[in-house]
Amino acid sequence: MKLTKITDIGGTGNFDVGQREILICSWNNGANPDFYAFDNSKTVRQVDEEYFAKAIVGETYKKIEQVLPDKVHHYSITKSKSGDIYFCTYQEGTIYGFDCFGNSILNWNIEVGEGHPIYDIKYQEPDFLWLAFPTGQTVTQVRLTDKQEVFKIGEYSWDDNCEPLSYPESIFVKDNHLFIPNMGNNKLFKVDLLTKQMDLLMTFQEKIWQYEETEIGTFIVTDTGIYELEN
């Protein structure tokens, strides 16, 4: 695999996928983040907060922000194919859901996780969410229909030295596969969601925070930046 650096913005940023471009919310400056974007040209440009919100959420972002406790850039965000969108604050356990018109459809203070905070959420069709609990060395699948946990990898351990997962800060779902980058051991795992077979894809030389496959390429976020991953 070949790694090509796109930007120095790394683990302090939040990497999201818009329409044919990547959006970055960087907290390097503390309480007031900076926003960036790049498209297929791989040229990073600075954008404003409104551009970021529209690119990630859509035109309904202002209506949604009237319900959410904070601005949309404070949340981990995931969408269904039908346009439903779900938000979870970093390190908290409340998940908010909205339909494609910005109407509230979910306000769920989850009871799974055994006290560990959620860092990331990803939607899986037809009605599942995957949740990342890095301090618990666990990722979990919950069903939205009845708000039940249906599968997990890990045991919500408070031990720092767990295997195979070690601080899974984020997750990525595509088709019938779940990808789990691990900040604690630099490993990227791929899980077949039909068989639940988990395989090690790669081990990196530094901490890996995020993994995303997009229309413009496959990218990872590490301590030193965002890289395009190519065969």
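Two strands count as paired if DSSP finds at least two bridges between them. This report applies that rule to a predicted model.

**Two hairpins**

Strands β6 and β7 meet that condition: they pair in the antiparallel sense over 5 bridges. Within this pair, S76 stands opposite C88 in β7. The hairpin of β6 and β7 has 5 residues between the strands, and G83 takes a positive phi near 105 degrees there. Strand β6 is mostly covered, with 4 of its 5 residues buried.

K187 has T203 in β17 as its bridge partner. Between β16 and β17 lie 5 residues, and in this hairpin K196 has a positive phi near 65 degrees.

| Hairpin | Residues between the strands | Residue with positive phi | Phi |
|---|---|---|---|
| β6 and β7 | 5 residues | G83 | near 105 degrees |
| β16 and β17 | 5 residues | K196 | near 65 degrees |

**Nonpolar cores**

Which residues have the most contacts inside the largest nonpolar core? They are V57, L68, I77 and F87, in a core of 20 residues. Several elements give two or more residues to this core, among them the helices α1 (49-56) and α2 (61-65) and the strands β6 (75-79) and β7 (85-89). The largest share, 4 residues, comes from α1.

V57 can be followed in detail. Leaving aside its neighbours within four places in sequence, V57 is in contact with I64, V72, I77, K79, I85 and F87. Two of these partners, I77 and F87, are also listed with V57 among the residues with the most contacts inside the core.

A second core is separate and has 15 residues, including I118, Y123, L129 and Y156.

**Cysteines**

How many disulfides does a search of the whole structure find? The search finds 0. A disulfide requires two cysteine sulfur atoms within 2.5 Å. For C25, the closest cysteine sulfur is that of C88, but the distance is 16 Å, so the two are too far apart for a bond.

Is C25 buried or exposed? C25 counts as buried because its relative accessibility is 0%. C100, in contrast, has a relative accessible area of 41%, so C100 is partly exposed.

Terms used: Residues are numbered from 1 along each chain as its sequence is written. This is a predicted model: local features need pLDDT of at least 70, side-chain atom pairs count only at pLDDT 80 or more; totals for chains, interfaces and linings use all residues. Side-chain values use heavy atoms; hydrogens and water are left out. A nonpolar core is a set of buried Ala, Val, Leu, Ile, Met, Phe, Trp, Tyr and Cys residues joined through side-chain atoms within 4.5 Å. Buried means under 20% relative accessible area, exposed over 50%, partly exposed in between (1.4 Å probe, protein chains only). Contact means heavy atoms within 4.5 Å.
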